[in-house]
Amino acid sequence: MGALWSPGRRRVPGGVHTGQVSSSAASASTDTSAPVLRDFGAGPFGIYVHVPFCATRCGYCDFNTYTAGELGTSASPQSWLAALRGELAAAAREFAALPSSTPEVATVFVGGGTPSLLGGDGLAAVLDAVRTEFTLAAGAEVTTESNPESTSPEFFERIRAAGFTRVSLGMQSAAQHVLRVLDRTHTPGRAVAAAREARAAGFDHVNLDLIYGTPGERDADLDASLDAVLDAGVDHVSAYSLIVEDGTALARRVRRGELPAPDDDVLAARYERIDARLRSAGLGWYEVSNWAAGDAAVCRHNLGYWDGGDWLGAGPGAHSHVGGVRWWNVKHPARYADRVGAGGLPAAGWEALGADERYMERIMLAVRLRSGLPLTDLASSAVPAVDRVVADGLAVRSDGDRLVLTDRGRLLADGVVRELLG
Ligand SMILES: C[S@@+](CC[C@H](N)C(=O)[O-])C[C@H]1O[C@@H](n2cnc3c(N)ncnc32)[C@H](O)[C@@H]1O
Ligand code: SF4
């Protein structure tokens, strides 16, 4: 299958598909002057808050996050929260100058980094900061990512009472030797225990993240991970193939020959194993790397990214997208706080998407969704490519008007996108 391998954590121009920020995410054509905003689009509006702190750095991870040792006295959770408040206020002022009134916030996603390091009170303060500047819609989805080892029953009770509605826990694997290769500091059982604690605290919506294809992982390890996930009774699973990111400790170990690179054929077989197990347990795919137990369990925030909605990304290195204008913040927490202190948005660069870029993004993201790509979104020149991917068994015309990947097509989604974009 080689270079055609497709599932996994996705990058889109200027960021990664979840809106969270990897340290290497940047755009080719950047303008370092203040972003010139355009009016809101028609889609839902969400807010992503980036928490740039981790207790230790996992060897595979290139997200924009820092340990206390790396930051020294240059930044702290307290200085970050003060700067976040300043950025949210600046963004609210910028939005108030647009022709349309600022939409109510349909979704909030606090990601990282390790948001649970802030503790329950810290996360409650983050949500208060959002509510001070913006109006949350009735029934808004409010998610926080959390690392299993920095959670407890009291933590989940506190954030539930504060208004969070959804928790996403980084489990990665149930096999101790796999967690060791990934540098994870929690025990195999802690993620499942945390998921149960979250449910007991009243969270109906709990996600567990898995990574598959780690060097040394066997089919039996993956099966044990899936058993544990299903045993935890969560309503959402994200499963990402391990990506060896340039500049990480994992990449250095692979380069030195200490660890083998993940094998594409193994990854494909593991993906099929995950999909079959989750499907038979009632969790269906709704994006190539995401499974949910029905419509109420999908992550609405992430669907907003994939459907081309508007979002404000606040915090160091976070990416925003409003009405076809994209901007990304300075990455280091100390520089970020300096920029917020100077007034305006703490953007490192911005760009206004042209029609071609918007078309490409629309195809790249919508093809990966179970709801598929409306055929009316495709240029007429793409019709022969649609015929080819359907003839090759990679996609079907669903209800006659949408292109939806088949099971095989999900493994080759990038190839389908390339074919459609010609
Ligand atoms: C960046 S973490 C942030 C949340 C939290 N700190 C954690 O570790 O779960 C979000 C998810 O990204 C995924 N991830 C990060 N780097 C990855 C990589 N190189 N390959 C595959 N998945 C990755 C992991 O599954 C992780 O749970
Ligand atoms: S805990 Fe999460 S964000 Fe932090 S280094 Fe590990 S994977 Fe990256």
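Rings of Phe, Tyr and Trp (for Trp, the six-membered ring) make a pair if their centres lie within 6.5 Å. I wrote that down before opening the model, which is a predicted one.

**Entry: aromatic rings**

I went through the rings with that rule, and the count came to 11 aromatic pairs. I picked out Tyr271 and Trp291, whose ring centres sit 5.6 Å from each other. Their planes are 45° apart, and I noted the pair as tilted. Next I looked up where these two belong: Tyr271 is in helix H9 (residues 264–280), while Trp291 is in strand S10 (residues 290–292). They are 20 residues apart in sequence, so this pair ties those two parts together. Buried or exposed, I wondered about Tyr271 and Trp291? Both turned out to be buried.

I also jotted down an aromatic cluster made of Phe40, Phe45, Phe95 and Phe134.

**Entry: two helices**

Then I turned to helix H2 (residues 77–96) and helix H3 (residues 119–133). Their axes are 9 Å apart, and the packing angle is about 20°. Angles under 35 degrees count as roughly parallel, and therefore I put H2 and H3 down as roughly parallel to each other. I logged their crossing as right-handed.

Which residues of H2 and H3 meet? On the H2 side I listed Trp80, Leu81, Leu84, Arg85, Leu88, Ala89 and Ala92. On the H3 side I have Ala125, Val126, Ala129, Val130 and Glu133. Sorted by class, this contact has 10 nonpolar residues, 2 charged ones and no polar ones.

Methods. Residues are numbered from 1 along each chain as its sequence is written. Chains are lettered from A and ligands numbered from 1 in the order in which they are written. This is a predicted model: local features need pLDDT of at least 70, side-chain atom pairs count only at pLDDT 80 or more; totals for chains, interfaces and linings use all residues. Side-chain values use heavy atoms; hydrogens and water are left out. Axes are lines fitted to C-alpha atoms, for helices over the stretch in contact, and angles run from 0 to 180 degrees between N-to-C directions. Helices (H or I, at least four residues) and strands (E, at least two) are DSSP runs, numbered from the N terminus. Angles under 35 degrees count as roughly parallel, over 145 as roughly antiparallel, 65 to 115 as roughly perpendicular and the rest as oblique. A crossing is left-handed if the near helix is turned anticlockwise from the far one by less than a right angle, and right-handed if clockwise. Contact means heavy atoms within 4.5 Å. Ala, Val, Leu, Ile, Met, Phe, Trp, Tyr, Cys and Pro count as nonpolar, Asp, Glu, Lys and Arg as charged, and the others, Gly among them, as polar. Rings of Phe, Tyr and Trp (its six-membered ring) pair if their centres lie within 6.5 Å; planes under 30 degrees apart count as stacked, over 60 as edge-to-face and the rest as tilted. Buried means under 20% relative accessible area, exposed over 50%, partly exposed in between (1.4 Å probe, protein chains only).
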